[in-house]
Amino acid sequence: MIGFALPFSGRSFAEQVINEGPEDGRTPTATALDAFIGIDRQGRVFFTVPKIEMGQGAQSGLATILAEELEVGLEQITLKEAPPNEQLYNDKLLNFQATGGSTSIRSNWEPLRRAGAAARLLLIQAAAGQWQLPADQLRAENGRVLGPDGRSLGYGELVDAAAQLPVPENVPLKTPEQFRLIGQPSRRLDTPDKVDGTARFTIDLTLPGMKHASTLTCPVLGGRLAEVDERAARQVPGVREVIRLDNAVAVIGDHTWAAFAGLRALEVRWDLGENADIGSDAMERDLHRALDGDDGAVANEAGDIEQALKEAASTFEAEYEMPFLAHAALEPMTCVAQVRPDAVELWVGTQVPVRAQTAAAEAAGRPPEQVIVNNQLIGGAFGRRLETDFITQAVAIAAKVDYPVKLTWTREEDTTHDLYRPHYVDRFAAALDGEGRLLGWRHHIAGASVLARFAPAAVPPNGLDGDAVEVAMHPIYAMEHLRVSYTPVPPKALLQSWWRGVGPLRSSFMLESFIDELALKAERDPVDYRLERLALHPRAQRVLRRAAEQAGWGEALPAGRGRGVAVQFVFGSYLATVVEVEVGEDKALRVRRIVSAIDCGRVINPVSVRAQIEGGTLFGLSAALFNEITLAEGRVQQTNFHDYRQLRISDAPPVEVQLIDSSEEPGGVGEAGTALIAPALVNAVAAASGTRVRRLPLVRAGYHVV
């Protein structure tokens, strides 16, 4: 028996009511049994989901965990977005209410199981009270409580009585042998509406009296609006207002076309500010100067790497770079805002409900409790909606009118005013023995600290950003000597943010490229070389062996083809990926096959795990092949998908995903594939062509996809 405490809002169960139902005046109510579960009189279960859905399938996975212990079918569950409330919906891994970092399943695995089991026990106890029978003679099944004599009561008939009972102190959970739903393939709850088009994202939303807005923001960070000639814009049919902000101008219209056309008709003069002469070359020089300086903040140190380098039979040095990246989500930044005398109300897809609420309150000059956040489905985010810049802009516009405003950025505005994955440069020096075995390495990282901008209080005085050194700080390869250090280099003329894969994305590319080069220097097979140094990680060895076996590692390939491998432990999961490529003499590149093996602990839905590895891998492949954000005269040069290319269907190789059976706690999946594809790809290119690429993307080195 395990002790358990449910999260409550401070009200009694009977007072906690969730309103749900059609918009026709009828409002059936559901009585809340805890912060997650409400049940109406018909027995429908309303699940207040602590994570937002942005294509990753998290809400369906969380519903499966809850349904398993509650003893209901997935078809009985209706999803409801959680409001801003960090007391109830705080992510224990992130330490704030957010969707990100591949934490959705692993942070809620135990809380939701306990919530479902506790609610089931309350319902059984309510039935036992009505029937005057011992609770241990009853059981729950498919949303009903069954008695020993054939009697049964539906959850809807019991919920009011159950809500008056004290929370059980000890909640026994199912054993894996009793699982009916966990581990089985199932259809995602959001799929039907997305297939038939009834799913509504913020960009689809319409409210009574709502008008549409779009903005032009100063193209140089830190610049301000100087002058606007709005006369031509006023002549565009449907244009209602031209709104001036400190660093932007907005056009409000009856529809999106009017807002976009009105923006194009404006004549705007900017005060570009001090960043107007900054380009990518200058920022890159700053990174290299940082590496040439002192070691910065030490993240981890063991042994004596400097002495090892002096005494080593041989040494090897290399430097790797990753560029700035935009998020490029399919749904551009969009938010509906209404500023009323009594409240500020938002309809927006956000990964950070409390942060959105706080930012909107500051923008409107209101207390946070006056801000209502209606969270929406998100059409892709990849970390972009951890930010609130578009929300505060929408509130600033809505504060100047007396109707709701839907702000929609153009694709060009979205690309050129993103908060970007930073540019990083990593420098390695390895000490090797006489047989090429790794004794240790020195690893120095330079790049912007996302954490220093996003949550500066979380960064210690020495500037060490745990996200920037994740994976690098504790490499999975055994070595006697290690020194990992980090020098933060704030970017000029750009703002930095997290991108899908966060810290492991940057570190895995550098580390797995370097270990591959060490294997080749030692004239060893890259898989065997890795396996020897993974003795402390048998789960890593297992996924590496499985991926290599399934990919035909060691089998002969025609000239011009090669295989590359990479392995990692990230987000609580182990993943290995093998890529097979073909490289022509003119650097024509074809990715022929990708094979991944993952041990993510207990699998909730194997279909979703495979889908996330497939999707995350192809997303990361786009970046590794094509993507880079560059700056000239303070302005981002890329504007749309024509010059910030994404992988096309015709380019996409088959991705085969092998799942390793595991009884460990669930790990994260959504970002694991994204973080690992780049090193496996460049290692394959090196095997096929004999040429090592140390700076992404590959198009920068002259490769082109065929």
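Predicted model: local features only at pLDDT ≥ 70, side-chain atom pairs only at ≥ 80, totals over all residues.
Residues are numbered from 1 along each chain as its sequence is written, and side-chain values use heavy atoms, with hydrogens and water left out.

Me: Why is the pair of Trp 109 and Phe 179 called edge-to-face?
Reply: The ring centres of Trp 109 and Phe 179 are 6.5 Å apart and the planes stand at 85 degrees, so the pair is edge-to-face. Trp 109 lies in helix α3 (residues 104–131), and Phe 179 in the loop between α4 (155–163) and α5 (191–196), so the pair ties together parts 70 residues apart in sequence. Helices here are DSSP runs (H or I, at least four residues), as are strands (E, at least two), numbered from the N terminus. Both Trp 109 and Phe 179 are buried.

Me: Why is the pair of Phe 569 and Tyr 574 called stacked?
Reply: The planes of Phe 569 and Tyr 574 lie at 20 degrees and the centres 4.2 Å apart, so the pair is stacked.

Me: What makes Arg 500 a charge over a ring?
Reply: The rule wants NZ of Lys or CZ of Arg within 6 Å of the ring centre and within 35 degrees of the ring normal. The charged end of Arg 500 sits over the ring of Phe 619, 5.5 Å from its centre. Lys 587 lies over the face of Tyr 703, at 5.0 Å from the ring centre.

Me: Which residues make the contact of α10 with α11?
Reply: Contact means heavy atoms within 4.5 Å. Ala 356, Ala 359, Ala 360, Ala 363 and Ala 364 in α10 meet Ile 391, Thr 392 and Val 395 in α11. By class, seven are nonpolar, one is polar and none is charged. Ala, Val, Leu, Ile, Met, Phe, Trp, Tyr, Cys and Pro count as nonpolar, Asp, Glu, Lys and Arg as charged, and the others, Gly among them, as polar.

Me: Why is Leu 676 called buried, and what does Leu 676 touch?
Reply: Leu 676 has 0% relative accessibility, so Leu 676 counts as buried. Leu 676 lies in helix α18 (residues 672–689). Not counting residues up to four places away in sequence, Leu 676 touches Glu 512, Ala 566, Val 567, Gln 568, Leu 575, Ala 576 and Thr 577.

Me: Why does Asn 95 count as exposed?
Reply: Asn 95 has 59% relative accessibility, so Asn 95 counts as exposed. Phi of Asn 95 is near 70 degrees, a positive value in a residue other than glycine.

Me: Why does Phe 571 count as buried?
Reply: Phe 571 has 5% relative accessibility, so Phe 571 counts as buried. Phe 571 has a positive phi of about 55 degrees, although Phe 571 is not a glycine. Phe 571 is found in the loop between β23 (561–570) and β24 (573–583).

Notes: Phe/Tyr/Trp six-rings, centres within 6.5 Å; stacked < 30°, edge-to-face > 60°. Buried < 20%, exposed > 50% of the residue type's maximum accessible area, 1.4 Å probe, protein only.
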